Amino acid sequence: MVLIDSPLRKREDVMESGAACLGSRVDVLLSSATPEETQEHYQKLCGDSFEVRHSTPDEKGKGLFATRDLPGDSVLLHESPLVAIQEVDSRTGAVVCSHCLEHVGGLEYQLSWWLMNMKSEEEDEELGVVQRALMEGFLHFPFAEHLQKSPPVMCSNVCGDIYCSEKCRADAWGEYHQLLCVGPTNSEEETSEIRFEHAQNMIRNGNRGMASIPELCIDQPAMQEFEKFSLQTNGIFLLAARLYAKVLMKSVKILEQNEVHLSAASEQECWEALLEAWVPVKHAWKVIWWEGVAIPEDVTDGEEFRNDLRNLSTHAVQLLQSAIPASEQFPALFHPKVFASVIGMFEQNNLTIDVPSPLELYLDDLDEGEHKTLHSLGIVKDLLSEAAEFPLEGTGYFPITCCINHSCVPNAMAIRRTGEDKDRNVSLISLRNISKGEEICIAYVDIDLELHERETLLRDYGFSCRCDKCTKERKAAVLPKW
């Protein structure tokens, strides 16, 4: 028998080969670093006081260990996040820089923002008077100079993102925002072409450091759909999009360093650039979101719950992919399992960023000193007290800190210190002396809670704590009571 090779057969072979290649590349992005790669990567980040070990003696996975004796009550580490974002539920109560998460504007601006988002003038006629006085600059709070923040700087593309400075706006645009900016959304008639031209005009007209990469222009209406879906379902998708944008921007810059433009880059060149840009994510502990999440106690059908998460995550990455035409050159990155592994990475590793409102600090200062001023504020004092209960709540992935394991008897804590930690930094503080070779541990949950409450909260992290405190309490719980 003579086999005749047809064009159709050739196309099928190419498709099968392409699918196999995509599958193998997806597996590479999902894979973990080797122990040798882990040691080399974190050695560059940790300096001479710590080391990240690929596995701990009790098989908890990666862990951070002291390489010298460390004193108690000391700042051991300042760390900036790979990515961080304000929580969706926090946005109506606190106005912060979209990039560095510092509060923006004076106390008057913070209160006005809260009133605009949280209150209605119909509730009380006086609220309208206060709001207008704040907006028109007639109401100022005394003794608040030390709490005044930088005036807000708006995104040049009028998307609504707010920054604390021109620098943060430029840094955000250069790192990720030009791939995520939804553009002006207040006019239904405005086409995507007009939005894009508006952005280009703003960039050309003097926004230093904000040069756009033409090959990375996006479909802004599609990006609006992605943002809307994320806000309605799970804000963690927005953080994943920010990480994806950073990886794509880095990939394009790597290509440019090799004198290759994205539009002319081969499939292999794009893949190699992506691998290099993916390195910080490769070393993170990742799990497919719908596979690793703990089933809530009130859920009766666990399989249906996981399928719902799978569908949400898959739809989110499809929306994101449709908004970024350059995604065609990086198909493995937009595979649903790769996107879900990033969500799982965040859910298992992220740190909560919690910063008190400047309004709370102001009221604390007045309580300690200017009693007459506090009393004279009248209705404004009540509004301040109410608005002060809305701190900045954010979440971020910190590469070194996220390697630190949990203990209900921690020897360190990771916090963002009010007035001291800037530029999205968190600080690692020792709670006691730490000996050379000792593992550094923090508490993921409130250690003053009862054992069963701690165990319930830790289920979301996928483990059961075996620290001395938990071990003793479990033994005590099963001992007979006489």
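Colleague: Happy to have this in view. Is Glu175 buried, partly exposed or exposed?

Modeller: Keep in mind that this is a predicted model. The relative accessible area of Glu175 is 27%. Buried would need a value under 20% and exposed one over 50%, so Glu175 is partly exposed.

Colleague: Thanks! Which side chain does Glu175 meet in a salt bridge?

Modeller: The contact to look for is 3.5 Å from N to O, inside the 4 Å cut-off for a salt bridge. Glu175 belongs to helix α5 (residues 166–175) and its partner to helix α8 (residues 236–257), so the pair ties together parts that are 71 residues apart in sequence. The partner is Lys246.

Colleague: Nice. Now to Arg474 and Glu455: how far apart are their closest N and O atoms?

Modeller: Arg474 sits in helix α18 (residues 468–478) and Glu455 in helix α17 (residues 451–458), so their pairing ties together parts 19 residues apart in sequence. Arg474 is partly exposed at 25%, and Glu455 is also partly exposed, at 30%. They form a salt bridge, with the closest N and O atoms at 2.9 Å.

Colleague: And which residue forms a salt bridge with Arg25?

Modeller: In this pair the closest N and O atoms are 3.2 Å apart. The link joins distant parts of the chain, 242 residues apart, from helix α1 (residues 7–30) to helix α9 (residues 267–277).

Colleague: Good to know. How many salt bridges does the count come to?

Modeller: A pair counts when a side-chain nitrogen of Lys or Arg lies within 4 Å of a carboxyl oxygen of Asp or Glu. By this rule the count is 10.

Colleague: Let's turn to the second largest pocket. Which element gives the most to its lining?

Modeller: This pocket holds about 830 Å³ of space, and among the 32 residues lining it, Arg91, Cys159, Gly160, Asp161 and Glu227 lie nearest its centre. The elements that give two or more residues to the lining are β4 (83–86), α3 (107–118), α7 (220–233) and α8. The top contributor, with 7 residues, is α7.

Colleague: One last thing: how many of the residues lining the second largest pocket are nonpolar?

Modeller: The lining also includes 8 polar and 6 charged residues. Cys counts as nonpolar, so Cys159, one of those nearest the centre, belongs to that group. The nonpolar residues number 18.

How values were computed. Residues numbered from 1 in each chain as written. Predicted model: local features only at pLDDT ≥ 70, side-chain atom pairs only at ≥ 80, totals over all residues. Heavy atoms only, no water. Helix = DSSP H or I, 4+ residues; strand = E, 2+ residues; numbered from the N terminus. Buried < 20%, exposed > 50% of the residue type's maximum accessible area, 1.4 Å probe, protein only. 1 Å grid on protein atoms, 1.4 Å probe; cavity = no way out; pocket = protein on both sides within 12 Å on 5 of 7 lines; lining within 4 Å. Points joined across faces, edges and corners; volume = space filled by probe spheres on them.
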